[in-house]
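Subject: Structure for you to look at

Dear colleague,

I am passing on the structure we spoke about, and below it you will find what came out of going through it. Please keep it open beside this message as you read.

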Amino acid sequence: MTLDIGRRGVLAGGLAASLAGCAGEGDKRWPGKLLGADFDRGHALRDLDPARALAETGPEERVGVLIAGGGVAGLATGWRLAEAGFDNFTLLELEDEPGGNARGGANTVSAFPWGAHYLPIPNREAKALIHMLKQFGMIIGEEGGAPLYDPYQICADLEERLFWQGAWQEGLYPATGLSADDSAQRDRFSAAMAAFSRATGRDGRPAFASPMALSSRDETYTALDGGTFAAWLDQQHFTSGPLRAYIRYCCRDDYGAELEHVSAWAGIRYFACRRGWAARNVSDRELVWPEGNTRLSHDMAKRIAPHICPAQSLVHAAPQEGGGVLALAYDHKAKALRRYRADALVLAMPQFVARHLVAGISAQGLTYAPWVVANITTSRCPEGPGVPLAWDNVSAASDHLGYVVATHQTASGADGPTVLTWYTALSQGKPEDQRRMMLTRPLAEWQRLIAADLLAMNPDLTGAIQSIDVWRWGHAMIRPTPGFLTNPARLAGEALSGPVFHAHSDISGLSLFEEAHYRGVLAAEATLSFLDTPYESLL
Amino acid sequence: MSVFSDDEAPAPASDSPVPAEGWSRTHAAILLLSVLVVATCGLIYELLASTLASYLLGDSVTQFSTVIGTYLFAMGVGSYLSRFVRGDELGTFIRVEVMIAMLGGWSAAGLFLAYPLADDFRLLLYALVLLIGMLVGLEIPLLIRILRGRFAFRELVSNVLTYDYVGALIASLAFPLFLVPHLGMIRTGMVFGLANVAVAIALLLVLREQRRVGGDLLASALVAVSLIVGLCLAERIQRYSEVAYYGEGVIHARSTPYQRIVLTRRGGELRLYLNGNLQFSSRDEYRYHEALVWPVLGRVAAPRHVLILGGGDGLAAREVLKDKSVQHIDLVDLDPEMTRMFRQTAQLVALNRGSLSDPRLSVTNADAFRWVRQARGSYDAVLIDFPDPTEYSLGKLYTESFYREVSRLLAPDGVMVVQSTSPLVAPRSYWTVASTLEASGLAARGYHVYVPSFGEWGYTLAAHDPARLASAAVLPAGLKFLTPAAERLMFDFPPDMARRATPVNRLDNQALVRSFSEEWSHYEG
């Protein structure tokens with residue numbers, strides 16, 4: 001098996017190298033780093049018998065609320081507690097930096113994201129999120145009763161461009177070279193999605209909401225979760241090649257999965273849930289920053305900085321008979337176990353991890369998509385025939401997801417050095433196979449593949465690539481596969497009641513900032529209720 | 001390969017009547033057709049050399065006259081030399097064709113590429129003209145000799161000269177009407193080179209049953225391949241050789257991380273291009289810069305602190321420094337190479353009168369979009385002189401957000417101006433600047449001026465206090481263009497440039513870049 005993967009790797013690498021050779025980059029080696037979650041830390045405690053360790057006596061740290069996990073959901077839990085004036089909490093984060101998928105880096109050219117990199121203008125129903133964006137200066141006022149967003153943080157025009165038939169064009173859907181049927185199908189698809197977007201269920205809720213928990217439970221819509229998006233598209237005769245390619249791109253971009261893997265409910269949700277609430281006609285736009293969603297996670301972390309304990313991971317936790325939770329954590333810096341006694345525990349981590357730490361949690365039926373993100377520093381900005389550089393640049397001929405430009409918001413010169421953040425979802429085949437391939441492929445091979453993909457759409461960058469750093473996300477995104485709405489493991493996460501609460505985008509089944517934030521706020525408010533602490537709900 | 005003798009062929013008697021065996025009417029027809037082709041090609045090379053010389057050296061009457069004269073003289077030399085061609089006239093003709101194809105075909109590309117390298121470009125130019133002229137001069141006498149006996153002498157002279165003159169007509173009409181505008185000079189050369197070599201190859205193919213043509217065919221094929229490659233690379237050669245692109249003598253060209261800076265000279269006129277867009281011509285830049293600077297400074301009682309955004313050429317600064325009340329100028333320009341060039345190159349320093357080295361001025365090389373967001377201070381006058389909003393990146397420097405930052409830096413009594421593209425060519429774009437300044441909370445007032453190298457050009461004044469804009473400007477004496485009367489006139493907009501309703505240019509809509517490219521593309525057709 002290993003041999004087989006090795007051979008495939010060599011083949012892919014060889015192909016990539018020959019492509020790069022055509023583009024004149026030959027056997028070029030770039031400086032760069034191969035990065036990823038701290039696997040050693042993650043697996044450090046596999047040999048430990050946590051139940052026995054917990055039973056041994058030792059000094060205990062008393063805390064009101066223990067938040068385990070410093071990704072977006074954990075940070076949002078802490079932020080929400082702090083908003084309520086509750087400050088008796090501690091947040092444990094395995095890595096040295098909190099942020100989870102919303103992490104980033106910086107070099108002399110620019111800050112850049114390592115993962116999630118934009119936030120759609122939130123819907124009216126995302127009240128807690130809007131509250132937070134006001135606090136962080138992203139909403140700067142009101143105009144005509146709607147939030148007025150800071151123009152520097154809304155993605156500047158040009159937002160997207162597509163490399164299609166040898167030239168760049170605006171938007172992500174091809175505008176030329178389409179048959180009459182392609183155009184008719186595209187129009188019919190847009191109309192169908194617009195109808196879903198307007199639809200309301202019998203329970204009075206929108207058919208598709210963001211956060212998803214506020215969506216209608218009406219079976220007319222939830223029944224869509226029974227099959228794959230691909231099957232639904234076939235059944236509706238959405239068969240046009242360019243249309244399917246566009247929809248596939250969207251699905252992989254948001255869910256890291258193919259149309260054949262994604263539930264039709266989730267697929268339609270992508271197109272039908274966004275009803276951004278904003279003044280000045282920017283409701284369909286995105287908030288973006290050079291460092292991506294790191295901006296949001298940093299702002300949250302800044303507010304609760306004294307509560308964050310980096311390099312500590314929960315090892316085991318158990319509710320106690322007399323109330324409260326006893327938790328064991330490992331301090332990776334001190335290389336020592338620490339015991340916490342908390343009134344409540346918020347598990348802000350994916351379920352495939354949580355199930356090892358707390359009894360009664362299952363990850364049955366949950367699968368996760370691996371991703372690779374690269375940051376490519378270039379001595380000049382990309383160009384190309386057709387429309388000029390956009391924030392998001394995608395090639396219709398590539399099987400990867402294109403790149404975003406880190407300096408898009410901050411610079412006015414289109415020619416200077418920049419950092420391009422390149423994305424791919426390893427969505428074909430089984431996630432575990434892709435994950436293994438991802439982890440065994442060496443840096444040089446990733447760099448060759450990434451450079452070849454970039455130079456195929458931007459031959460103008462020949463000779464301009466200065467470094468390629470690669471981040472591997474083993475479990476980047478939960479995959480909303482058919483049946484995820486009724487998956488018992490997911491519903492159990494939703495139903496957990498004190499003293500252990502669960503806060504993670506896994507519970508939404510959608511790995512999106514707004515979902516993680518909502519789950520964090522929800523868990524924080526449930527914890528406050530559980531502890532009889534008064535608060536005014538932000539939901 | 002020798003042109004003037006052919007040692008291998010038995011030398012026939014010099015005036016032998018009918019040449020080689022196996023001649024048919026087809027051969028004669030091909031040869032007559034080749035008269036038409038070679039005549040057209042010959043004139044094209046002559047026109048290429050003349051046009052190129054007047055592009056590069058200026059003074060078109062002199063260049064056309066001397067190049068054509070030299071070329072005709074060289075043809076005479078060629079005709080004279082034809083008497084020394086003995087023996088295989090057809091073989092010699094074919095080889096002459098191949099050589100003309102090579103030299104003539106590559107002449108335009110070669111001269112463009114050689115221009116910046118050659119110490120004495122004239123020498124090279126005339127040497128090439130002489131060589132091509134001589135070879136072309138060989139063609140007709142040789143053809144007449146080859147065809148003699150196929151036609152009666154009376155008919156022969158008539159035929160050859162008729163085709164010759166018809167070819168000349170075709171060339172002289174096609175060259176200005178179609179070839180230069182649509183193919184460009186480099187491609188034109190290549191295409192006609194291919195026509196020459198096609199004549200050679202056609203004749204060789206016809207002859208291949210009667211003699212060995214392998215070597216000649218190979219040489220022809222190589223020349224043809226080189227011309228086809230040249231044709232494919234024409235675009236690149238053109239870009240690589242900026243003289244071809246600008247049609248003017250390039251005296252300085254440099255690629256920086258931000259832009260391509262090219263300085264050209266034609267006669268006494270200096271021009272600066274950034275990424276191919278004209279920034280100024282030394283002939284009339286005083287009109288542009290006086291109109292940029294004095295309506296602002298003339299409305300501020302005693303401007304002490306002045307901010308210039310863009311303007312790395314130091315020409316706006318030159319005007320500002322004439323005002324003795326100015327104590328300090330901050331100049332922010334993206335490109336260090338640009339400001340270095342305009343501080344150090346003698347011809348440019350003469351133009352901006354050393355403004356960039358003045359102790360009252362400090363240069364910051366930064367992206368103005370970032371710089372204004374973190375800048376502090378209060379400026380009595382702000383001059384914004386950015387390139388036109390041709391791209392989204394540049395469009396950011398014309399947005400409401402940007403003007404809000406600038407208005408924060410503008411003193412309560414201060415006045416600012418924005419270079420705002422042509423109100424005649426792009427009225428919607430022009431007035432978008434005013435709408436956008438107003439949306440940022442400032443009062444705005446447009447004016448325009450005629451700058452010959454740009455055409456009708458527009459600016460927008462802005463201030464916190466509308467009364468500042470309404471007041472009359474106090475102008476210094478001794479300006480070349482602006483007088484109080486001329487200044488007043490600039491604020492009058494006839495109906496074709498009159499204010500119209502426009503959107504506000506924001507970061508998220510880039511309304512200006514969109515209307516700008518639309519309006520200018522209509523204009524450029």
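In what follows, two strands are said to pair if DSSP finds at least two bridges between them. Please also bear in mind that this is a predicted model.

Strand β14 of chain A (residues 325-331), by contrast, pairs with β15(A) in the antiparallel sense over 7 bridges. The hairpin formed by β14(A) and β15(A) has 4 residues between the strands, and K335(A) there takes a positive phi near 50°.

Is A342(A) buried or exposed? A342(A) counts as buried because 26 other C-beta atoms lie within 10 Å, where the cut-off for a buried residue is 20 or more. Leaving aside residues up to four places away in sequence, A342(A) touches V63(A), G64(A), V65(A), L66(A), G324(A), V325(A) and A327(A).

Turning to chain B, you will find 19 helices and 11 strands, and 48% of its 525 residues count as buried. The radius of gyration of chain B is 31 Å, whereas a compact globule of 525 residues would have one near 24 Å; along the principal axes, the C-alpha atoms of chain B fill a box of roughly 100 × 45 × 40 Å.

Within chain B, helix α11 (residues 336-344) has M338(B), T339(B), M341(B) and F342(B) buried. Seen down the axis of α11(B), these buried residues fall within an arc of 160°, so they line one face of the helix. Among the elements that cover them are β2 (260-266), β6 (328-333), α12 (346-352) and β7 (361-365) of chain B.

Finally, the contact between the chains takes 20 residues from chain A and 20 residues from chain B. On the side of chain A that touches chain B, there are 11 nonpolar, 5 polar and 4 charged residues.

Key:
Residues are numbered from 1 along each chain as its sequence is written. Chains are lettered from A and ligands numbered from 1 in the order in which they are written. This is a predicted model: local features need pLDDT of at least 70, side-chain atom pairs count only at pLDDT 80 or more; totals for chains, interfaces and linings use all residues. A residue is buried if 20 or more other C-beta atoms lie within 10 Å of its own, exposed if 12 or fewer, and partly exposed in between; C-beta atoms are placed from the backbone. Two residues are in contact if their C-beta atoms, placed from the backbone, lie within 7 Å. Helices (H or I, at least four residues) and strands (E, at least two) are DSSP runs, numbered from the N terminus. The arc is that of the directions from the helix axis to the C-beta atoms. Ala, Val, Leu, Ile, Met, Phe, Trp, Tyr, Cys and Pro count as nonpolar, Asp, Glu, Lys and Arg as charged, and the others, Gly among them, as polar. The radius of gyration is taken over C-alpha atoms; the globule rule is 2.2 Å times the number of residues to the power 0.38.
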